[in-house]
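Thanks for coming, everyone. I'll go through a few local features of one model. Have a look at it first.

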Amino acid sequence: MNRPASTSPIQVLLIDADPPLYDTISAVLHASGEAFNLTPLNQLGELEQALEHADADCLLCAQHPNLSIASEDSGPAGLMLLQRVRRHPGSLPVIMLCCAEELVGFAAQAMWQGAADCLCDEALLRLPAAIRIAVQYHATMASYQAPDNELQLALAVLRGSRDGICVTDAAGNILLVNDTFTQMSGYTLAEVKGHNPRILKSGQQDPEYYLAMWQAIVENGCWQGEIINRHKDGSTYTEWLRISSVLDEAGQPSHYVGQFGYVAEQKRLVDRINQLTQFDPLTGLPNRSLFLDRMEQSLVASRRSGRCSAAILVNLDRFRLINDTLSQATGDRVLVDMARRFAKQIRQGDTVARLSGNEFCFLLSNLNAAEDAILLAQRLQDVIARPLEHDNHPLIVTASIGISVAPRDGEDGETLLKAADAALIRAKLEGGNCVSFYSPSMDADARRRQAIEAQLRGALARNELSVVYQAQNNLDSGNIIGTEALLRWHNAELGMVSPGEFIPVAEETGLIIPIGSWVMRQACAQNKEWLDQGLGRMRVAVNLSTRQFRGDTLVDEVAAVLAETGLPAELLELEVTESALINNIDAAVATCRKLKALGVKLSLDDFGTGYSSLAYVARFPFDKLKIDQGFVSDITHNPANAAIATAAIAIAHGLNLSVLAEGVETEAQAIFLRNRRCDAMQGYLFSRPAAPDAIAQLLAQKARLHLGATATAASKQTLLIVDDEPAILNAMHRLFRHENYNIITAQNGNDAFELLARTPAQVIISDQRMAGMTGTEFFTRVRQLYPDSLRIILSGYTELEAVMDAVNHGAVYKFLTKPWEDDQLREQVREAFRIAGRQGDSGAES
Ligand code: C2E
Ligand code: MG
Ligand code: MG
């Protein structure tokens, strides 16, 4: 392409460079503000074609391009390509690129062999100017026909250059300068002709600098670098200077050519490139590299002042779901909105940056105390929680926050960020929407999480996953009514990893999608096998993760699995947790309806751990509610949990749902739940999760849960005596031996609760002073769990104040001081049973 000066883009070919080099060059050319078209060439054929059709202006070629080329010559492939291009009749100006360390040797060779220029990677900012000059020179030379034009031509090129140019003879006397030189230095040709360029010297660079410069020119034929010169008016200015020697036929320098460029222009380019490479284009916030830079500076300043700095890492929870289920555009809007909110929260001198997808980081410097960071973290939680508008619905976003503090948790930026990241992982593991401070033990957690993620990627392919089943029993009959499929993972490196640990990782990384469908297939096939073997017609429950539930392929997939395995739809139950339902309730209801339309059953897992509200549960077509094991584990002696479980049972029955209690470990819990009309249970009491064979065995044996009978109030009067001194318990036994009561005894409050769960007692006597739980504490809870019981306390004078308080709050019906009168106590107990009897009768009548 013969290029006269024109405004059409300069066509630049780049020979087979690595993508990072391509990206950098592209950014540099773009930032110059001039029109360049950069095209990568990956094949030799493409290069031949470009040369053939002359449809490029300039060629960039690395010293070692990836492209290999067969040639009789030896040397760097870049030079061989250069020779090939130079041999071509049309030819092209070629600019060679090399690394800074090799510039000296390579540039001389390349220029010798006809390269238009040679730049090292550190000088890439000069590339736009270098291309322009090379192209202009090439075009002029191409249009140059008559030898007598030579001088004029050279002068035209010289004058046209946007760089300042100064040509000297071998002795260093100035022969020629161009207009740009005059603009930059203030000197006209007439003023400098015959002088040495040292008239420009500012005196700000020491003699060694010039010595090194001349040494490079003598050895390599060229030198380039930044130099401070003095303007004619006395002011100094910094410029980029490149000096090359021109050799005569004997190979001796005949002239030197100096090319000057303003550093200001370079600076402008640097600024543009920084803008492109240091800020996040979506939110306009600094990006990771700029953040780290600022962090280092701030840490140095904090060290000097003896104050602390903090890194606060903010990661939006379940952000991928927003992208996956709403849209990428919505995700972008959320990020931009959050970035705006965040930017308003920082003080001058602090920074907030977007580090990656949904991750932001704050840098707070000059803090008085580490705890100051928590104030901002709390404010951030509030700011994040303000709903966004999406399709006229409020969209609520939460975030996990990890905090680290310098110098305590690390003295350099990378370490501090790593610490904040470890704290963030902890916050995520706690279920998100919380703040966590770094502690050294978290490093191990973070490493483990990384290992889990790395290993989990190949787990399915390596056959490391398996499914176990846990029986579910009807609480009245004890029969097995179904099983829950639970995933297990054994990895060669990590050993057995619990689902509590790897499911959240699978969820976050998206691995749960293939893993979840695999579990569903396994479970359905297994249940069908048991059905075919005549082991019973029961349901298998499969857990759905939030991501599976919200994906748009779930319904089709369930249908396909049922068809594939032949399992009747009503024998599959899908367990959903509340976290899958929130955010977009309408969509969740629609998904549940579609699943129900297939005929499968739906249950709400871990009830009570989320936002559970009655109105909300009622909107979903669930068949079953599973009370979370957190309520069950202390149900017999924690009145609050017992009340929640009891209410959940009532709610569920009111909505026509069945209720199953999870994590039932003791008979007392099972009986307690049965007494409160819970329908079914699942837990270690009957069976741990087990391999299919073990479950088949249980089914074949028709194994059942056997629970003791509950003594009913009418059958016998039951007296519970609680005292930690065995001698007193014996004395009491003797005292009541003729009364025909069913006497049960316990030595502490907890044992007493276990007894009460199985055998409700109408009258309870307790000592006040007991280790662990005092009598009044015990009775306060008994009152809530068994409000109809009559509670008598025995106390010494010293404890009277606490006892009186309990009496006033209704926890205690009567109190007797020690030592008691036998007859009096016997009479009090008889009276208590009479009252209990009357209560029972009126209860039965009403
Ligand atoms: P989950 O669905 O609530 O399952 C019940 C968990 O309670 C199981 O833990 C089970 O082993 C445990 N468990 C059952 N009975 C008792 C008991 O009497 N005492 C105690 N302490 N624990 C009992 P596991 O197997 O460790 O699973 C934990 C959670 O991991 C499950 O909670 C479920 O949310 C999730 N998970 C397990 N398998 C899968 C799966 O295939 N897909 C998905 N998405 N999640 C799964
Ligand atoms: Mg479950
Ligand atoms: Mg559960």
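Start at Asn433. At 41% relative accessibility, Asn433 counts as partly exposed, because that class runs between buried (under 20% relative accessible area) and exposed (over 50%), with a 1.4 Å probe and protein chains only. Asn433 is found in the loop between α15 and β17 (435-437). Helices here are DSSP runs of H or I with at least four residues, strands are E runs of at least two, and both are numbered from the N terminus. Asn433 is not a glycine, yet its phi is positive, about 50°. Most residues other than glycine have a negative phi.

A word on the source. This is a predicted model, where local features need pLDDT of at least 70, side-chain atom pairs count only at pLDDT 80 or more, and totals for chains, interfaces and linings use all residues. Residues are numbered from 1 along each chain as its sequence is written, chains are lettered from A and ligands numbered from 1 in the order in which they are written, and side-chain values use heavy atoms, without hydrogens and water.

Next, Arg318. Arg318 also is not a glycine and has a positive phi, about 45°. Its place is the loop between β11 (308-316) and α12 (319-326). Arg318 is partly exposed, at 40% relative accessibility.

Now the peptide bonds. Most are trans. Ala406 and Pro407 are joined by a cis one, with omega about 5°. Pro407 sits in the loop between β16 (399-406) and α15 (413-429). Lys818 to Pro819 is cis too, with omega near -10°. Pro819 lies in the loop between β31 (814-817) and α32 (822-845).

On to the metal. Which residues coordinate the magnesium ion (ligand 2)? They are Glu484 (OE), Asn543 (OD1), Glu575 (OE) and Asp605 (OD), at 2.0 to 2.2 Å. Donors are N, O and S atoms within 2.8 Å of the metal (3.2 Å for Na, K and Ca); water is not among the atoms, so sites may look incomplete. Along the sequence, the donor residues are spaced E-x58-N-x31-E-x29-D. Asp605 also bridges to the magnesium ion (ligand 3), and the two ions lie 3.9 Å apart.

Asn543 is in strand β21 (residues 539-543) and Asp605 in strand β23 (residues 601-607), 62 residues apart. Buried or partly exposed? Asn543 is partly exposed, with a relative accessible area of 29%. Asp605 is buried, at 5%.
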